[in-house]
Amino acid sequence: MALPRNMALFRSTKALERDIDEFLDNLSQSGLVFKQAVHVFLTEGPTEEFEEKLRRVNDLESRADRLRRSIETEVYGQTLIPESRGDVLGLLENLDSILNDLEGALWNFSIETPDIPSEFRKDFETLTDTAVLGVESLVLASRAFFHNITAVGDHIHKVMFYEKEADRIGTKLKRSIFSSELPLSHKMHLRQFVESVDNVADGAEDVADRLTIYAIKRTV
Amino acid sequence: MEVAALFFMTSGLFLGWSLGANDAANVFGTAVGTRMIRFTTAAVICSVFVVLGAVVSGAGATGTLGKLGSVNALPGSFMAALAAALSVYVMTKSGLPVSTTQAIVGAIVGWNLFTETETDTGALVKILSTWIASPILAAIFAVILFKLLTFVLRTTKLHLLRIDAYTRLGLVLAGAFGAYSLGANNIANVVGVFVHATPFTDLNVAGLFTVTAVEQLFLLGGLAIAFGVLTYSERVMRTVGEGLLPLSPSAAWVVVVAHSLVLFLFASQGLERFLAGQGLPTIPLVPVSSSQAVVGAVLGIGLLKGARAVRWRVLGSIVTGWVMTPVFAAVVCFFGLFFLQNVFGQKVYREVSYVVSPPAIERLEQLGMSSKALGELANRRFETAVRFRRALEARADLSADERRLIMEYAEINPMTIDPERFPTLARGGLSPAQSEAVRALAGRTFTHKWMLAETLARASPEWRFLADEPLNRSRNRKLQGRLDFVFRTFRVD
């Protein structure tokens, strides 16, 4: 009677592990697609290809939401990992908010169609790349949290690094924008987009901070 | 079996019930408390394996407890078990984690004091030293297991969820082993005082196999423990969780396994035989406190993590409970026996008197004792063991071993081989040759146990003891059980 229940437990455990992996994959892919989308927007503008990438991120975000809710139900329903489930589900929720940040930023691009002068494109691209690298490192750190707790720190410090980099590039970009000859309204519009990309890196750092605590709690 | 006998066994059943209620938490407490296993699952597994352990492996530790003090009258057993159970109850109500083992040992000593029976210091020393050894051993096991486990977890890099599933399975298996060890080791506490006064006789089941009187006792005691587990242990389990040190489920697993290993070591006759067969020193089979083992294991892990994490004040209260329990039980038993005997007119012990009779003197001289010393004690009657011992100690020329030998040979046990009691004999599980040897003595009277034993040994090799080596101990133990049965059956009161 205890054994058959444990067989079912092992089956559902494997399914849950796959779900968590898929969730993290979604986040990772969203970052990559985000990078591509911004690149397309900067080089070609709000084209059909850009819209298609936006839809892609949209889908990934919806799928991630569903996965997260299903994982939550399973974990509580089967009373799994009673010691760590608060942290695990909190982590997934935080990661989900980064996905939302990515999606939101792309929506802004789509709706407000900012006019980004060519002299700022390179910095914008670099800022985007850096923010996405931060997200990537966070995904790796999260995977390590589940599989290999001692490796979490290896990835976390990179998230912090990329966040500093993104801040630096963002500040540099904003200075260039505001020292140019553009009208104030245009400058302010552009600033919003710099900040919405920078926020992704900031968000990643926040999650990384919490993840560090979760990891410490697990090793005690 | 008469109603009176049934009544007197109730205190033992109550003791078993409280053991189940309290000690099940040692085995499954953290697992249930951290919600890794449901209580129902834990309770059922615990009950089944406790009974199994008690019946299959309970004999070893029970033997040692029986040696501590032979409570030889059922009302006496009743009071001893009642005193122990009361102590456990009082300590539990005071919130102190309590050891049933210590309670029963205290009660037995109380009985010994009241009846002026000798407390077998050898057995007492053995028991006390294992009380000290068991938590230390548990701590050592816990440390080794914990280090092993963390190493394995770190190198295999399993998914968090997979570790969780394995830990659950591990807790179930460890819990089953723990329950088995608990039954095997602690059944002695529950029924040990009834062994020499058992109202059971061997039961022949459909001619296929025999359930001996002692095994029936174990089964009944085991069922009482199981009942305690099923009805009351949940409450205790829910509160055990964070007592001494917050434990992760993996650490909880280590604690259960370490605890179970210790209890198993001190109960396993199979292990004793194996070690003896390899020429290694054996481990004494002694009832050991389950709670102490757990505390030892938890402390071991706590010290690994740094002494700051341990709640030392809780430890202090635990140690206080351990000291107070046997003392309390001894006192309660002593006064309880007084009431039972004088107010209720119950016979709480069967008087055993001592006479250094001529046959005894002859045998002792053969064993090398000086006839001068023995001559002065000849034919004097001593009503209690304590008085006899004092008289012996007054003689400076006798060593402790010699005194013990004299007491053994001088003990008076009037027995008549009455043919009317032969039907009872048939239920003793004796072999045909053994039974034959007894019947051949029909009508004869014996004053000393050793005389009957030797007569039987002369009549048939199956009544002979083998050399007292570890390899033979199991067989000798069984033989002693058969002999005790014969002594009881033909006793003249």
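How many residues of chain B are in contact with chain A, and how many of chain A with chain B? In this predicted model, local features need pLDDT of at least 70 and side-chain atom pairs count only at pLDDT 80 or more, while totals for chains, interfaces and linings use all residues. Residues are numbered from 1 along each chain as its sequence is written, and chains are lettered from A and ligands numbered from 1 in the order in which they are written.

The tally for the interface is 18 residues of chain B in contact with 17 residues of chain A. Contact here is a matter of C-beta atoms, placed from the backbone, lying within 7 Å of each other. On the chain B side, helix H2 (39-57) and helix H7 (160-191) each put in at least two residues. Helices are DSSP runs of H or I with at least four residues, strands are runs of E with at least two, and both are numbered from the N terminus. H7(B) gives the largest share of that side, eight residues. Sorted by class, the chain B side has eight nonpolar, four polar and six charged residues. The nonpolar class takes in Ala, Val, Leu, Ile, Met, Phe, Trp, Tyr, Cys and Pro, the charged class Asp, Glu, Lys and Arg, and the polar class the others, Gly among them.

One residue to look at here is Asp164(B), which sits in helix H7 of chain B. Leaving out residues up to four places away in sequence, Asp164(B) touches Leu80(A) and Ile81(A). Asp164(B) counts as buried because it has 25 C-beta neighbours inside 10 Å. The cut-offs are 20 or more other C-beta atoms within 10 Å for buried, 12 or fewer for exposed, and anything in between for partly exposed, with C-beta atoms placed from the backbone. Within its own chain, Asp164(B) is 86 residues along from Ser250(B), and their C-alpha atoms are separated by 8.6 Å.

Now for chain A. Its secondary structure amounts to six helices and zero strands, and its C-alpha trace spans about 75 × 35 × 20 Å along the principal axes. Of its 220 residues, 40% count as buried. Among contacts in chain A with a separation of 6 or more, 81% join residues 24 or more positions apart.

Most residues other than glycine have a negative phi. Thr79(A), in the loop between helix H2 (48-77) and helix H3 (85-112) of chain A, has a positive phi near 45°. Thr113(A), in the loop between H3 and helix H4 (121-147) of chain A, also has a positive phi, of about 30°. Thr79(A) counts as partly exposed, with 14 C-beta neighbours inside 10 Å, and Thr113(A) counts as exposed, with 12.

Leu190(A), by contrast, is buried, with 23 other C-beta atoms within 10 Å. Leu190(A) lies in helix H6 (residues 184-219) of chain A. Apart from its neighbours within four places in sequence, Leu190(A) is in contact with Pro114(A), Ile116(A) and Ile177(A).

Back in chain B, the chain is split into domain 1 (3-342), domain 2 (354-410) and domain 3 (415-489), with bounds that come from an automatic or database domain assignment. The C-alpha centres of domain 1 and domain 3 of chain B lie 33 Å apart.

Two helix pairs of chain B are worth a look. Helix H4 (residues 74-93) and helix H12 (residues 312-342) of chain B pack at about 140°, with axes 8 Å apart. Axes are lines fitted to C-alpha atoms, for helices over the stretch in contact, and angles run from 0 to 180 degrees between N-to-C directions. H4(B) and H12(B) are therefore oblique to each other; angles under 35 degrees count as roughly parallel, over 145 as roughly antiparallel, 65 to 115 as roughly perpendicular and the rest as oblique. Residues of this contact include Met79(B) and Leu86(B) of H4(B) and Phe328(B) and Val332(B) of H12(B). By class, the contact has 14 nonpolar, five polar and no charged residues.

In the other pair, helix H6 (residues 121-156) and helix H11 (residues 290-305) of chain B pack at about 45°, with axes 7 Å apart. That makes H6(B) oblique to H11(B). Among the residues that meet are Trp131(B) and Phe141(B) in H6(B) and Val295(B) and Leu299(B) in H11(B). This contact divides into 16 nonpolar, four polar and no charged residues.

Terms used. Two residues are in contact if their C-beta atoms, placed from the backbone, lie within 7 Å.
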